[in-house]
Amino acid sequence: MGFKTGIDPIDEQIPDGLPPGYVVLIEGFLGVGKTFFASAIAATAARSGAPVLFFAIDALGDEVLEDLRSRGAPVDRVVVVDGFVPSNERLAKLKPAARHRLEAPDAYALINKLTEFAPEFRSGVVVVDSLNEVLLRSPGSALDVFRAFKIFAKYTESLVVATAHTDVEEVYGVLTAALHLADVIVQLEVDPNLEEMGLYVRRMRIARAKRLRVSHDWVHFEVVDGRVAEIDVKTMLKMLSRQLREMGIEIRQTGRK
């Protein structure tokens with residue numbers, strides 16, 4: 001049995017869960033929900049009794065722990081590695097000492113920290129949120145990082161989940177060299193067609209799923225009451241069009257080429 005994600009559009013397509021030993025990449029532009037998805041997977045694993053190792057690189061470790069607690073995750077199942085590293089000693093004095101932290105938010109510190117946990121960590125979920133600073137600080141490291149993820153996932157029978165903000169050109173460029181090492185790739189974005197109409201509607205798809213049967217179709221969604229709810233866009237547009245007609249406004253839809 002694999003790892004349930006707590007994200008309905010994914011769990012419906014992969015009812016047996018994501019297999020142990022897999023590496024999952026969640027990619028997309030800033031603000032589309034990558035951290036929410038990664039945290040949902042971590043919280044779901046912790047609630048099921050699995051250990052969770054969360055590398056907090058884009059946020060304070062305390063904030064990550066509080067978010068997981070708010071999702072009902074038992075914090076005794078979660079280890080947060082503080083990767084929100086101050087850039088100098090003066091800033092470091094602003095933060096209390098963390099039990100687990102990265103010496104620097106770069107590729108080799110990340111790999112070394114994974115190595116520390118490898119002997120005892122089993123059948124759990126590792127989250128790295130996000131890879132951006134790691135890859136920017138360590139040019140050419142993407143292959144090493146993803147190989148480390150694959151080895152760790154395989155030999156600890158765990159799931160490794162990483163997020164990446166692909167609106168940063170440098171990050172997208174280096175990621176492409178390592179995408180073949182990700183077993184599952186989940187893409188998130190704002191629907192460009194609806195955005196042209198002034199509607200901010202997010203969508204997701206499983207762009208890659210090694211040895212898993214999925215549709216690869218886009219699924220529109222919104223986060224409602226802490227969960228990912230699918231949106232029926234056709235019905236939404238029909239209702240919007242009807243309301244606008246009642247107001248005397250006619251929508252003309254033009255096809256995209």
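Which strands does helix H5 lie across? In this predicted model, helix H5, made of residues 107–117, lies across E2, E3 and E4. Its direction runs at about 160° to E2.

Nine strands make up an open sheet with mixed pairing, and their order is E3-E2-E4-E5-E1-E6-E7-E8-E9. Strand E3 (78–82) and strand E9 (227–230) are at the edges; each has a single partner strand, so one side of each is left without a neighbour in the sheet. From one strand to the next, the twist averages 25°.

Helix H2, covering residues 34–47, packs on this sheet.

## A closer look at E4

How many of the residues of E4 are buried? Five of its five residues are, so to speak, under cover: E4 is mostly covered, and those five are buried. Val125, Val127 and Asp129 point one way from E4, while Val126 and Val128 point the other way.

E4 pairs with E2 in the parallel sense over five bridges, and Ala56 has Asp129 in E4 as its bridge partner. Four bridges join E4 to E5, again running parallel. Here Val127 stands opposite Val161 in E5.

## Where E1 meets E6

Strand E1 (residues 23–28) and strand E6 (residues 184–190) pair in the parallel sense, with five bridges between them. In E6, Ile185 is the bridge partner of Leu25.

Methods: Residues numbered from 1 in each chain as written. Predicted model: local features only at pLDDT ≥ 70, side-chain atom pairs only at ≥ 80, totals over all residues. Heavy atoms only, no water. Pairing = 2+ DSSP bridges. Helix = DSSP H or I, 4+ residues; strand = E, 2+ residues; numbered from the N terminus. Axes fitted to C-alpha atoms, helices over the stretch in contact; angles between N-to-C directions. Contact = heavy atoms within 4.5 Å. Buried < 20%, exposed > 50% of the residue type's maximum accessible area, 1.4 Å probe, protein only.
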